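Please keep the sequence and the 3D view at hand while reading.

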Amino acid sequence: MKTHLIKSLTFLVCIFFISTKCYSIEVYDTRCENQLLPLGVNTKTPSFSWKLTSAERGIWQQAYRIIVADNKADIDNNKGNIWDSGKCISGQSLNIIYGGDELQPALKYYWKVQVWDNKDNISLWSDASFFRMGLLTKKDWLLAKWIALDTIDPGNRILPGSPHPDKELDKEPVMPQFRRSFQLNKKVAEATLFITGLGHFELSLNGQKVGDHFLDPGWSNYEKTAWYVTFDMTDRLQTGENVLRVRLGNGFFHIPRNRDRYHKLLTSYAFPKMLCKLQITYEDGTIENIVSDSQWKVTASLVTFSSIYEAKTIMRCWKKPDGIMRRLTTGIGHIL
């Protein structure tokens, strides 16, 4: 009896040390483009990074293997149908550049990594992570158009470095808000919204603000770049009617020329405008896109003056949307 117990304990101790040795190094905090679960990755060759931990001293990474798949089933089975780096002899764990098949716009990809240590022990696979590609070219936005409530005469634009005009504009822009309702009659698997509003935008769905961002998107050279923001809308959409609303402000895109108000810089690229694309993938595999176009309605928002330096609001009696909104096709709004 005693001999049997000793043998059993010895066996368990051996199993423990074998297990500890096989997995003496672990992978955690996996990141793509230095972000956790990033949305809107804006490069065809994203980078991967991770951290390592070990209960032993003197352990470091000797090699790694990364796999990328376009579906959860493959990644759960440790199969990279898009990219399998194979065993790469390297101690690098920061900014490993993707080297697989061409990544497609707006698509979600899953990835994992495992490593070998300097004693040739192999780790378990890291937890599955994912990233979603952004919209890298103009055609990726499909039929989405820039839409606005009003436009500015090209001769009244003020770009950085150009002389300031002596006179004020005949009209300053009314701050617009846009509305788009749509019906969902099928179960949604995934939904992602790509949006930019210049100078700044605030987005809501079904009356609730989307995200915790403020003053989106960031300031840029608007002649060359307009940043956009990506939101996961999967859990926000509801069966039946859904309503998107977007409010715009001037930001640095257009600074009012009123001489009675303070301004440090004076620029005027155009009056506020918006571009967006909501991509909805249903459980049956079909895809629907809601884009900024003539189906949106637009009216003045409650903000009566907007500047990157100051703003004010007034309260108005709210009417039914159909009572105050005007379709872009009436000519009140503009597609640019």
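In this predicted model, Ile255, Pro256, Asn258, Arg261, Tyr262, His263, Phe305 and Ser307 line the largest cavity. The volume of that cavity is about 40 Å³.

**Cavity**

- The search of the whole structure finds 1 cavity of 30 Å³ or more.
- By residue class, the lining of the largest cavity divides into 4 nonpolar, 3 polar and 1 charged.
- Arg261 is among the lining residues, and it is the charged one because Arg counts as charged whereas Asn, His and Ser count as polar.

**Sheet**

- Three strands form an open sheet: the 3 strands run in the order E1-E2-E6 and pair in the antiparallel sense.
- Strand E1 (25-32) and strand E6 (96-97) are the edge strands, each pairing on one side only.
- Strand E2 covers residues 47-54 and pairs with E1 over 6 bridges.
- The pairing of E2 with E6 is antiparallel and has 2 bridges.

**Residue partners across the strands**

- Tyrosine 28 is opposite lysine 51 in E2.
- Cysteine 32 is opposite phenylalanine 48 in E2.
- Phenylalanine 48 also has a bridge partner in E6, namely isoleucine 96.

Note on methods. Residues are numbered from 1 along each chain as its sequence is written. This is a predicted model: local features need pLDDT of at least 70, side-chain atom pairs count only at pLDDT 80 or more; totals for chains, interfaces and linings use all residues. Side-chain values use heavy atoms; hydrogens and water are left out. Two strands pair if DSSP finds at least two bridges between them. Helices (H or I, at least four residues) and strands (E, at least two) are DSSP runs, numbered from the N terminus. On a 1 Å grid over the protein atoms alone, a cavity is a set of points where a 1.4 Å probe fits but cannot get out, and a pocket is an open set with protein on both sides within 12 Å along at least five of seven lines; lining residues have an atom within 4 Å of a point. Grid points are joined across faces, edges and corners, and a volume is the space filled by probe spheres set on the points.
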